[in-house]
2 protein chains.
Amino acid sequence: MTKENVQGAGEEEQQAQSKKALKKQQKEAEKAAKKAEKQAKLATEQQEADEDDFAKDRYGICPMVQSQQKLDRALVRVQDLTPEKAEQQIWVRARIHTSRAKGKQCFLVLRHQQSTVQALIAVGDRASKQMVKFAANLTKESIIDVEAVVKKVEQKIESCSQQDVELHVERIFVISQSEARLPLQLEDAVRPEGEGDEEGRATVNQDTRLDNRVIDLRTTTSQAIFRLQSGVCQLFRDTLINKGFVEIQTPKIISAASEGGANVFTVSYFKTSAYLAQSPQLYKQMCICADFDKVFCVGPVFRAEDSNTHRHLTEFVGLDIEMAFNYHYHEVIDSITDTMVQIFKGLRDRFQTEIQTVNKQYPSEPFKFLEPTLRLEYKEGVAMLRAAGVEMGDEEDLSTPNEKLLGRLVKEKYDTDFYVLDKYPLAVRPFYTMPDPNNPKYSNSYDMFMRGEEILSGAQRVHDAQLLTERAMHHGIDLEKIKAYIDSFRYGAPPHAGGGIGLERVTMLYLGLHNVRQTSMFPRDPKRLTP
Amino acid sequence: MTKENVQGAGEEEQQAQSKKALKKQQKEAEKAAKKAEKQAKLATEQQEADEDDFAKDRYGICPMVQSQQKLDRALVRVQDLTPEKAEQQIWVRARIHTSRAKGKQCFLVLRHQQSTVQALIAVGDRASKQMVKFAANLTKESIIDVEAVVKKVEQKIESCSQQDVELHVERIFVISQSEARLPLQLEDAVRPEGEGDEEGRATVNQDTRLDNRVIDLRTTTSQAIFRLQSGVCQLFRDTLINKGFVEIQTPKIISAASEGGANVFTVSYFKTSAYLAQSPQLYKQMCICADFDKVFCVGPVFRAEDSNTHRHLTEFVGLDIEMAFNYHYHEVIDSITDTMVQIFKGLRDRFQTEIQTVNKQYPSEPFKFLEPTLRLEYKEGVAMLRAAGVEMGDEEDLSTPNEKLLGRLVKEKYDTDFYVLDKYPLAVRPFYTMPDPNNPKYSNSYDMFMRGEEILSGAQRVHDAQLLTERAMHHGIDLEKIKAYIDSFRYGAPPHAGGGIGLERVTMLYLGLHNVRQTSMFPRDPKRLTP
């Protein structure tokens, strides 16, 4: 059988495989065959034991669900198991979170997403000794279907999310078995940092988590983080669509490195080579030149920076905005800050469960913001830092520690975790940034900060082909490579501004987390490409 | 000035530039300087002429909008210019769509997005001869601000979208000038195919359009197409979020070519190399294994296929769905078809203007669909094709012509442009497709079609690590490369199914267009990487 399979593979692919790989595969196949044999043997044994078991039809391992039948059976979700359902006979599908056998009883905690419930299987007229033993032997993380009666409990079950009821199990079937040995324990993975140390219990380090992301993502904390992140995207888009924005899709494979050529990934593209877009910048501006007026996009951006910090990824999700304005780029700042405020409010009002869940493992202060959003000029920021003892030049960019310090100073003075720093020095911004008309050392550009870290960088853009050419040359950019971009401005272009937001940073900083890898499902950095 | 700029450029970048490029840049700069000089001269001339012009403050070229001031002036949108505004004095910002001088008058058609309005500037007490001449000389596609009185007209202006009013212009200022020579004419670009031939008028070929996409996207047709496409995305997500789906973000840079290694783009990744994801398939399945239950994502997918057809792109936008089900994968088919139906209804109800606009240039029949969606088995499709004279084997895949023919046969018989073909032969589907439990030659997989072309491919997936290993080996896939993927199923995995939809195809086929490049803003194919 194994051999046949290997021989059945496409000839080309087969030739491409090294002999070593082939050997490995044969070995794998042998292993799989042995395992199958072992399982068959176990099944036979079980069948024999079953023969004198009155409950033998009430438990067991289901054949793999291959859509054999359309079963007309409603499944109740764990989160919906409340006292209103008391005495009802229901079916539930869930994972075995924990299992504890105790004499003739077996207590299971069943888990589905952020919810858990206690389930009891006890020897009696609905369960045999064999059935309780079967339940007790099930591996953690297996998915089971149970038929049970919902029972109110006298004393709250503190260890479960569903504290007022438990399930009295009458049937139990395995839908999908987990291997016995888990690469990490879920209870370790949700333990608050520090707490483990005191009690001599384990916590799980970041690489173990990321190497076994499928399991790490099952924790209540991860479930909450990524549900909330889905909410950030939804609130971002809904707010902008209400404001008349159009969603656009911009190409990620581009012919020229847009911003000077550093930090860009190269792709082989048929007989030539191309690059991965470092931002949708140029394309969203082209959409403005093409009269879409207000556009946004949500998509991956790629940075080939060899930075191994808590807040840098080589691939992250950009929430990008570009908008034509009438007379002043502050019209755009107001649109963006209002969008951020709508996101903050939406998260606060709709995702309180998720926020609480994350806070249990990673405590943080609630996120504070003002209406309207605080806007400071760069000069003011520098003055605040100098007053706090920092030495820095007028046209010097903010270092990360200074950024954070300024965040603390702003929080102290204005009581907000979100603010805009406006009018950056021209020298520290990209070539397409519009210079300040009143002071050539400054520019019509801005960053936005959450809890003292940058989440958005934006500016009024140069919409005049001639000035853009001058600015590109000043930055030493090869004009030939950005010809299509500059040409976009030759046929009438409205004044416009915009910005790009890092999704993972917004989620991280809103929740007061400390590493962007916690808010990227499958993070990419210079050292990580898997899973 | 020019020299200084070049010397001011970063040393590293300067060294990287070839001498040739430097020369080119100097030439560009000289050209720009000459142009600036010429413009300055023209401005001086105009100023001199202005001196005996009573209307000299009523027109002119504005300084570049650099956010010099926050002007408290409301701008009325062209689409809002209706008879209710008659006799009001208003400001409008728009492009000059066409211009026609006639004695002491100048007629302009002003355009903003899908809307146009006629504007009249006539010599009188609000406009001088010089002012009318100034207006008449403005280049098409320039953006202007006009102050005007809205006037009802006796006879409908057939050539404009705003047919009941015109503007009597009292002030006119240029915000952004277009170069005089346009690479394509907008009126040519919206002419229905065929119509040009008869009247000896030009139409614009696809490459010219795409090479000058910023202008081509300004046409009413393009504006309508991409507004509607934004609607497809929004309807897709809103429907799924209402169904309890979570939006996920999956990595595009991956360590191993997921589906056998063909047709994949290679990226250089620091000291190693990586690939661009051909689909989010493996990641959305991992999310299912991680208990998210119902997930979707919208993002770019990459295919290094050297196909130059009307419906293939090397980069397109995937609308991807993955969903755990209880007992039968038809639960998932029902969710997807309902989502498609919600999209069709939403487009029909909310985007009628856009549909009409596109139909003017590209006539097509309204898109028809049934509720519930028609679902045929592959066998039935083959039988229908055979009855129509096609010779094909039971386990043979559908060719593109047969796909289209089947679409026509289905339309004739069932009067629908949308249907599902279920239970494809196992042999023509990817390794992770669940075999049909009742017939090993078939599988629990399906495609969905719009107007006879495939828009979605999907299936129940194998959720058992052992069967998955066997299937991968059968397909000759190197197990080592998909280890992380297979391992995801070792710790309990719910049965699940899903599918991936091509956004550009949905837009194309819904609107009855004939090339996917019309529904991709900046299409990528083996021959096109720019703009």
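Predicted model: local features only at pLDDT ≥ 70, side-chain atom pairs only at ≥ 80, totals over all residues.
**Entry 1: the cis peptide bonds.** I began with Pro372(A), which sits in the loop between helix H12 (352–361) and strand E14 (374–377) of chain A. Glu371(A) and Pro372(A) are joined by a cis peptide bond, with omega about -5°. I then turned to chain B, where the bond from Glu371(B) to Pro372(B) is cis and has omega near -5°. Pro372(B) occupies the loop between helix H12 (352–361) and strand E14 (374–377) of chain B.

**Entry 2: a positive phi.** I noted Asp291(A), a residue other than glycine whose phi is positive, near 75°. I located Asp291(A) in the loop between helix H10 (281–289) and strand E12 (294–302) of chain A.

**Entry 3: confidence.** I checked the scores before reading further. The average pLDDT of chain A is 92, and 93% of the residues score at least 70. Residues 1–14 of chain A are a stretch with pLDDT below 50. For the complex, the predictor gives an ipTM of 0.90 and a pTM of 0.90.

**Entry 4: symmetry.** I asked what rotation superposes chain A on chain B. The rotation is 180°, with 0.0 Å of shift along its axis, and the RMSD is 0.1 Å. That is the relation of a two-fold axis. I also looked for the residue of chain A that comes closest to the rotation axis, and found Val267(A), with its C-alpha at 2.2 Å.

**Entry 5: the interface.** I recorded 134 residues of chain A in contact with 134 residues of chain B. Of the interface residues of chain A, 99% are also interface residues in chain B, so the copies meet through the same surface. About 11400 Å² is buried between chain A and chain B, and carbon and sulfur atoms give 58% of that area.

I next went through the pairings across this interface. Between chain A and chain B I counted eight salt bridges. One of them joins the side chains of Arg490(A) and Glu179(B), at 3.6 Å from N to O. Polar contacts across the interface of chain A and chain B come to 68 residue pairs, with both residues at pLDDT 80 or more. Which helix gives the most to the side of chain A that touches chain B? I found this to be helix H9 (residues 220–242) of chain A, with 10 residues. By class, I listed 62 nonpolar, 39 polar and 33 charged residues on the side of chain A that touches chain B.

**Entry 6: salt bridges over all chains.** The count over all chains reached 80 salt bridges. I examined the one between Glu170(A) and Arg126(A), whose closest N and O atoms are 2.7 Å apart. This pair links distant parts of the chain, its two residues being 44 residues apart. I placed Glu170(A) in strand E7 (residues 165–176) of chain A, and Arg126(A) in the loop between strand E5 (115–122) and helix H4 (129–136) of chain A.

Methods: Residues numbered from 1 in each chain as written. Chains lettered and ligands numbered in written order. Heavy atoms only, no water. Least-squares fit on C-alpha atoms with pLDDT ≥ 70 in both. Contact = heavy atoms within 4.5 Å. Buried area = accessible area lost by both parts, 1.4 Å probe. Salt bridge = Lys/Arg side-chain N within 4 Å of Asp/Glu carboxyl O. Polar contact = N/O pair within 3.5 Å; in protein donor to acceptor, adjacent residues only side chain to side chain. Helix = DSSP H or I, 4+ residues; strand = E, 2+ residues; numbered from the N terminus. Nonpolar A, V, L, I, M, F, W, Y, C, P; charged D, E, K, R; others polar. pLDDT = per-residue confidence, 0-100.
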